[in-house]
Amino acid sequence: MKILEVNSPALEKEFLEMAVRLYKNEENWIRPLDKDIQGLFEPETNKLFKQGGKAKRWLVQDQKGKSVGRIAAFIHPKWKEKQPTGGVGFFESIDDSKVAFLLFDTAKSWLQKEGVEAMDGPVNFGERDKWWGLLVKGFSPPNYNMPWNFHYYQKFFEDYGFQLYFRQYTYMRPVQGGNFDAKMVERANKVLADPDFSFRYMKGKELSEKAPQYFMEVYNRAWAKHMGKSLTIRETQLMFAKLKPIRDPRLLYFGFYKGEPVSFFINIPEINQIFKYVNGKLDLIGKLKFLWYKTFHPPNKMLGLVFGVVPEFQGKGVDSAMIMAYNEIFARHDSFPYKTIEMNWIGDFNPKMMRVCEQLNAEIYKTHHTYRYLFDRSIPFERHKIFE
């Protein structure tokens, strides 16, 4: 076998196409958009390179020159760990441990030369909401920008010596029908009876001009300390701009106390139900296909991206009230097109959010694993710390 560093347009294309050949007989696999993967490895589109981040990609070819595996390794400039930690991702391999271990060895060697002492995988050279974790249960079609992989990958990672860092749960429940936990309903009704609270989605100028500001305020108070960074207004404006082609304003829901934002519930239509028809390409034909299916065969599933409540209102029923208010407005209407909702993955290090899902009577639909491999095998392994 031969290892090739991906350092030319031809090999960049092969890095994408070898996965297409590998999964050609798997009906549940949905080809990702080429630009979504390729863009992660280009300084023009991934700002982490300008902040000191690094990334490498490799292919493994057999004696006949056929690609039988691939992997990428990353150094994320903002990861703060006890030991310098890098990442590996976009791993694919035929069912051969020799191929898999050669890929792991290659990534590990490069990371060690860069002064790294551990590697997490499979992860993304970017935020945790994309391409994160190894699918181990629930091999249904993937949500947009989430991985789908063969079941035998789990054995590769664990036999090599990767250890479970945290589990990732994707919860699902029907939008229409279904019951809520009785205690949740009781807490929600107390908040909904208080005229100082209000919950709504936005339209027009408020959606374009105010929603990014509201989102930033709540996120920075609710999530920044856990995620290790705060968001700027420019970042949230860009995020909302990127959502514009696919968003449904009814799925961006906010809570207010005396007119000030205190919570949000951000969802999008599950657009992989459309992207599965474009074969990874958003060229002219791909865009026409996207518009056709979006118009005449729109998604019937919504994807919950992020949910947040500012600290002073956590545990006081605001989360329950927001969900109940949303359910009253839309979910009971037969014209509402979305039949199920899947919540973007929740780590087992976040028991509060797991309890929220359980109170919604949502069920775990998929499970992913994020692994960690310590290069010094004598160091005690520690799992991801629990969010308090």
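Modeller: Gladly, and please keep in mind that this is a predicted model.

Colleague: Which residues lie closest to the centre of the second largest cavity?

Modeller: The second largest cavity holds about 150 Å³ of space, and strand 7 (163-174), helix 11 and strand 12 (340-343) each supply at least two residues of its lining. By class, that lining has 11 nonpolar, 1 polar and 1 charged residues. Of the 13 residues that line the second largest cavity, the closest to its centre are Arg-173, Phe-265, Ile-323, Tyr-326 and Ile-341.

Colleague: Which element gives the most to the lining of the largest cavity?

Modeller: About 390 Å³ of space lies in the largest cavity, and of the 33 residues that line the largest cavity, Arg-70, Phe-90, Glu-92, Trp-131 and Pro-147 are the closest to its centre. Two or more lining residues come from each of helix 1 (9-22), helix 2 (34-38), strand 4 and helix 4 (153-160). The element that gives the most, with 4 residues, is strand 4.

Colleague: What is the phi of Phe-90?

Modeller: Phe-90 lies in strand 4 (residues 85-93), and it is also among the residues closest to the centre of the largest cavity. Its phi is positive although the residue is other than glycine, with a value near 50°.

Colleague: Which helix gives the most to the lining of the second largest pocket?

Modeller: The second largest pocket has a volume of about 490 Å³, and of its 24 lining residues the closest to the centre are Gln-314, Gly-315, Asp-319, Lys-352 and Val-356. Helix 7 (224-227), strand 11 (301-309), helix 11 (318-331) and helix 12 (351-359) each supply at least two residues of the lining, which divides into 9 nonpolar, 8 polar and 7 charged residues. The most, 5 residues, comes from helix 12.

Colleague: Where does Pro-122 lie?

Modeller: A cis peptide bond joins Gly-121 and Pro-122, with omega about -10°. Pro-122 itself lies in the loop between strand 5 (118-121) and strand 6 (134-137).

Technical notes
Residues are numbered from 1 along each chain as its sequence is written. This is a predicted model: local features need pLDDT of at least 70, side-chain atom pairs count only at pLDDT 80 or more; totals for chains, interfaces and linings use all residues. Side-chain values use heavy atoms; hydrogens and water are left out. On a 1 Å grid over the protein atoms alone, a cavity is a set of points where a 1.4 Å probe fits but cannot get out, and a pocket is an open set with protein on both sides within 12 Å along at least five of seven lines; lining residues have an atom within 4 Å of a point. Grid points are joined across faces, edges and corners, and a volume is the space filled by probe spheres set on the points. Ala, Val, Leu, Ile, Met, Phe, Trp, Tyr, Cys and Pro count as nonpolar, Asp, Glu, Lys and Arg as charged, and the others, Gly among them, as polar.
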